[in-house]
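Visitor: I'd like a close look at one part of this model, the place where the two chains meet. Could you walk me through it and then show me what sits around it?

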Amino acid sequence: MAQAQFSKEEIDAVFPAVAATMADALGCDVEEVKPDASLIEDLGAESIDFLDMVFRLERAFKVKIPRGKIVENARGTLSEAEFEQHGIVTEAGMVQLRAYMSEVPEARFKTPMKVKDIPRLFTPETFCKLVIGAQREVKAGG
Amino acid sequence: MGITAADAGASARMADSVQPAGTTEHFAAFSFVDRIIDLVPGKSARGVFAIPAALDTFASCLVAEATGQLAAWVAMAHIAFRGRPVAALANETRFLADPAPGQTLELAVDIEHCDDEAVAYRGQAHAGGVKLLELVDCLGPMLPCAEFDAPEALAARFDLLCAAGAPAGRFHGIAPIRLVSGETIAGERAAATLFVPESAPFFADHFPRRPVFPATLLLDQQIRLALDLAATTAHWPAGTRVRPARMTHVKVRAFMPPGSVLELSAEMAPMSAEPSPTAASAASTSAASAPTTAAANIRLAAHMDAKQVASARLEVAAKVPT
């Protein structure tokens, strides 16, 4: 899979609806949902919230978002073995992760990074990219 | 389903034979589907539950539970009982009319999505030609079935429900849950401490291998707290009788084991001046309840060991004297 690229215009176009959906799911004010906020650290999201947000976004944007898509997208052209070894993201994987999650401040990329901790990096913008990717697939399929 | 009465009998015997020891209340103390009809596997189902006439009352939250249980049966069967929905998100529950003992609940669910991760569904319940309740955009995360119950017992029970149905009348009500009032400011907020019992018949059914306090019983107590608070507001004349109209954003985040102590809170949110669509709908569709007018909005939360375990928003409406 080629590394997906997302323009600022594309992200700006979906962000208001993504932010409103997330605020509704998390029970917070929409103003708190900044593009680069950590959903877990800053907004208190838990695993059930991620499930909630994915289903809400699917309804709001009328798209299907396959589970585990974020990590798969973040992996880009790397194979699973190239991306992670024994549950730890490889050096090449970290480069790919930083590129995909360009909105995440550098200080949040801890090394070594466990694959299971990748969701700690997720931001509202990460979900914008997820939605845009799903919209592209709808257009490609239609 | 192509299941015969003889199969159903065998299923019933199997359900008994694989029932965990000491759980005579299994499929009785907290089971609210007597029979499943019109099943479209993985897609939709209708079911019935006879509310025992001997009960004093049957809470609307149990109607929601019954509807959710029907969705759970369809979902569990769809994934061959590998997982079961536990805990829940309910984006919207519309309370339209009150159920009464002796009525038969007619349940219907539409499954919007179902796999090993989650079931998404909507549903409704009628009784006597009146719509009692509607569930919109509900989501149940799937957890390994075997952690909570015997998958083979659930499969056998499902076969029974889809065939001849289970014997009705095995639900004997819920003993009062101990609730101690806390700091309350009339018209603003209320608090209470809920003591989950160490033992209760419903734990044998919810769930045999891992007892968990049912979220719907928590929501029932939260609604009671909210109604008491709503009655103290200046939004309507003193003495106004109020009822739940719509519950939104229900999210249960953690298991509540036997003996848990839960801190409940209810806080008034900005009120709407006009009757909400749901309150108006309740007024026009409910034959069993008094019509409603205006609405108050209340935010509900429950904490256990300082961690939020459940949250919801409740729209309360006034009953108009008839």
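How many residue pairs are in polar contact across the interface of chain B and chain A?

Guide: Keep in mind that this is a predicted model. Across the interface of chain B and chain A, the rule finds 8 residue pairs in polar contact, both partners being at pLDDT 80 or more. On the chain B side, the elements that give two or more residues are strands E4 (89-95), E5 (104-114), E6 (118-127), E7 (130-144), E10 (242-252) and E13 (307-319). E7(B) gives the most, with 4 residues. Sort the residues on that side by type and you get 7 nonpolar, 3 polar and 8 charged.

Salt bridges turn up here too: the rule finds 7 of them between chain B and chain A. One to click on is A:Glu46 with B:Arg253, where the closest N and O atoms are 3.7 Å apart. In total, 18 residues of chain B are in contact with 13 residues of chain A. Together the chains bury about 1300 Å² between them, and carbon and sulfur atoms give 48% of that area.

Now step back into chain B itself. Chain B has 5 helices and 13 strands, and 54% of its 322 residues count as buried. Take its contacts with a separation of 6 or more: 76% of them are between residues 24 or more positions apart.

The largest nonpolar core has 92 residues. Those with the most contacts inside it are B:Ile36, B:Phe58, B:Trp73, B:Leu105, B:Phe213 and B:Leu262. H2(B) supplies the largest share of this core, 12 residues.

Back on helix H2 (residues 60-78) of chain B, have a look at B:Gln69. B:Gln69 counts as buried because its relative accessible area is 13%, under the 20% cut-off. The B:Gln69 side chain reaches the backbone nitrogen of B:Phe32 at 2.8 Å. Apart from residues up to four places away in sequence, B:Gln69 touches B:Phe30, B:Ser31, B:Phe32 and B:Val33.

B:Asp38, in strand E1 (residues 35-40) of chain B, has a positive phi of about 50° although it isn't a glycine. B:Asp38 is partly exposed, with a relative accessible area of 48%. B:Asp305 also has a positive phi, near 50°, and is found in the loop between strand E12 (292-304) and E13 of chain B. B:Asp305 is exposed, at a relative accessible area of 73%.

B:Phe207 is in the loop between strand E9 (189-195) and helix H4 (215-231) of chain B. Over in chain A, a cis bond joins A:Thr111 and A:Pro112, with omega about -5°. A:Pro112 lies in the loop between H5 and H6 of chain A.

A:Pro119 is in the loop between helix H5 (91-100) and helix H6 (124-141) of chain A. A:Pro119 is partly exposed, with a relative accessible area of 24%. Setting aside neighbours within four places in sequence, A:Pro119 is in contact with A:Ile40 and A:Phe50.

How values were computed:
Residues are numbered from 1 along each chain as its sequence is written. Chains are lettered from A and ligands numbered from 1 in the order in which they are written. This is a predicted model: local features need pLDDT of at least 70, side-chain atom pairs count only at pLDDT 80 or more; totals for chains, interfaces and linings use all residues. Side-chain values use heavy atoms; hydrogens and water are left out. Contact means heavy atoms within 4.5 Å. Buried area is the accessible area (1.4 Å probe) that two parts lose on being put together, summed over both. A salt bridge is a side-chain nitrogen of Lys or Arg within 4 Å of a carboxyl oxygen of Asp or Glu. A polar contact is a pair of N or O atoms within 3.5 Å; within protein, one must be able to donate a hydrogen and the other to accept it, and residues adjacent in sequence count only if both atoms are side-chain atoms. Ala, Val, Leu, Ile, Met, Phe, Trp, Tyr, Cys and Pro count as nonpolar, Asp, Glu, Lys and Arg as charged, and the others, Gly among them, as polar. Buried means under 20% relative accessible area, exposed over 50%, partly exposed in between (1.4 Å probe, protein chains only). A nonpolar core is a set of buried Ala, Val, Leu, Ile, Met, Phe, Trp, Tyr and Cys residues joined through side-chain atoms within 4.5 Å.
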